Amino acid sequence: MRRPVARRVQAGLATAAVGAAICVALPVHQASAAAGSASGYATQNGGTTGGAGGQTVRASTGTAIHAALCNRASSSTPIVIEVQGTINHGNTTKVSGSSCNTAADKIELKEISNVTIVGVGSGAVFDQLGIHIRDSRNIIIQNVTVRNVKKSGSPTSNGGDAIGMESSVRNVWVDHTTLEASGGESEGYDGLFDMKDDVQYVTLSYSVLRNSGRGGLIGSSESDRGNGFVTFHHNLYQNIDSRTPLLRGGIAHIYNNSYVQLNESGINSRAGARAKVENNYFKNSRDVLGTFYTSEAGYWQASGNILDNVTWSSPGSETNPAGPGMPSNTSVSIPYSYRLDGASCVPDIVRQTAGANMGLKESNGSCTPTTPNPTTPAPTTPAPTTPPPTSMPGGTNLSIGAGSDGSSKASGTSYGDVRDGNMGTFWSPAGSTGDISIKWGSATSISSINIREASGSVGSVTSWQVLNGDTGAVLASGSRAGVITFARTSLKKVTFRINSSAATPKVAEFETYA
């Protein structure tokens, strides 16, 4: 029987609150794009590159994240989504499309591949909203904070997991994240980093996991043993009751992590699992390694670890602690190369590198922080999200005499209807989303457009982007059609992309102005 743990987590939260108050005046380190490259098991099975080589877009809402996924040419088209601001239930809605499968109560990465989500600027916070990865591969999540995700109470999201993966997931790299709760299961929270039902080739690196009853699991039950090949390195686990991680079957490589205040148990290898545990630093903790709460044994190879004020339970029918000496009872071969810091410096190097908004710093393998080079293009200009102005632009409508095309159109409409100067004709997409473009034979400079919806459909468009049709860059985004301004741009094609609509959208005129 597990002991009640809520009081210990709450006590830790009180301490953390004091620390947060002290640190609030410190400068925030900024990141502008994904940096570095995957490490650990995420480098195997073909490697993990996320959206490298694809379009880079900005998003400040959950709906915009979903729209970016749904607006790709296919579910595997590479994309880097740069996120800034707070993502929550209020700004996250379901978006539909052939290249996505999203939901309103979580950030859903489902049945897709080749995606990077990276926090930029002043930071990205997923507040009470979890990130769910299902039936997907080649995913990178970097430089974000996910906090206070609940499975009970209100609001609920993602089964209570900050980041959860399940069902045939391959090659995920989660890096420089901060995952935190405000209590244990009795307060409505579940795991911070969970994997179940066939998840393989995952790395969690340079991240902070704190103030939770459960750090994370690999395998949802003793029979769910098809998960594994997971690396945990240079992470801080602080004020966690158990599961750092809980490993059922499979293989985990756990090195250079800093563990502080593990209240009940730490690395729980069980049900045939094997863990290589090396050069970690455990402080003020209990039962940091072993098989706990089951009679189905797990195994470990331990070396180079430092135990600083660690206590151990007595062995029992469902308790097999590795301490106090932590002798190995198996051997684990690691197929990739890695740099191993000495355990004595782990608390300091993790303090300088782990978590979101730390400048994406890494260890050089000699206990010194370094900053990796960016691996994605420079960020696009953040798109305005305020409603467009209502005043009409001056000058000549450059769409008259130009060409037009777009995505599939509804029966009885024409692309040319948006440039004929006639409000009685219109273009309508075949569904609730779609693209309509104006194009010229030579480069034309424009700084504003006017999207005029047909009579009876004004207000139908609820989310849109304006794209440079030559490069794919986002010029502007928003939530209501009308006059839209942006930095003067020379291009041959401009696209108005409808990401969502309340009713069938009907664009009568797509006017363009210098």
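Select Cys345 and Cys367 to begin: their link is left-handed, with -60 degrees about the S-S bond. The two residues form a disulfide with an S to S distance of 1.8 Å, the term being used for a pair of cysteine sulfur atoms within 2.5 Å. This pair links distant parts of the chain, 22 residues apart, with Cys345 in the loop between strand E26 (319-321) and helix H3 (346-353) and Cys367 in the loop between strand E27 (362-363) and strand E28 (369-370). Helices (H or I, at least four residues) and strands (E, at least two) are DSSP runs, numbered from the N terminus.

Before moving on, note that this is a predicted model, in which local features need pLDDT of at least 70 and side-chain atom pairs count only at pLDDT 80 or more, while totals for chains, interfaces and linings use all residues. Residues are numbered from 1 along each chain as its sequence is written, and side-chain values use heavy atoms, with hydrogens and water left out.

Cys345 counts as buried because its relative accessibility is 15%, whereas Cys367, with a relative accessible area of 26%, is partly exposed.

Next, select Cys70 and Cys100, whose sulfur atoms are 1.9 Å apart in a disulfide. The link of Cys70 and Cys100 is right-handed, with 95 degrees about the S-S bond. Cys70 belongs to helix H2 (residues 62-70) and Cys100 to the loop between strand E2 (79-87) and strand E3 (107-110), so the pair ties together parts that are 30 residues apart in sequence. Both Cys70 and Cys100 are buried. A search of the whole structure finds 2 disulfides, and, with the bonded cysteines of the chain numbered in sequence order, the pairing is 1-2, 3-4.

For the last stop, select strand E20 (residues 267-270), where Ile267 and Ser269 point one way, Asn268 and Arg270 point the other way, and all are buried. In a regular strand the side chains alternate between the two faces of the sheet. Centre the view on Asn268 to finish: Leu246 stands opposite Asn268, and in E23 the bridge partner of Asn268 is Gly290.

Notes:
Buried < 20%, exposed > 50% of the residue type's maximum accessible area, 1.4 Å probe, protein only. Pairing = 2+ DSSP bridges.
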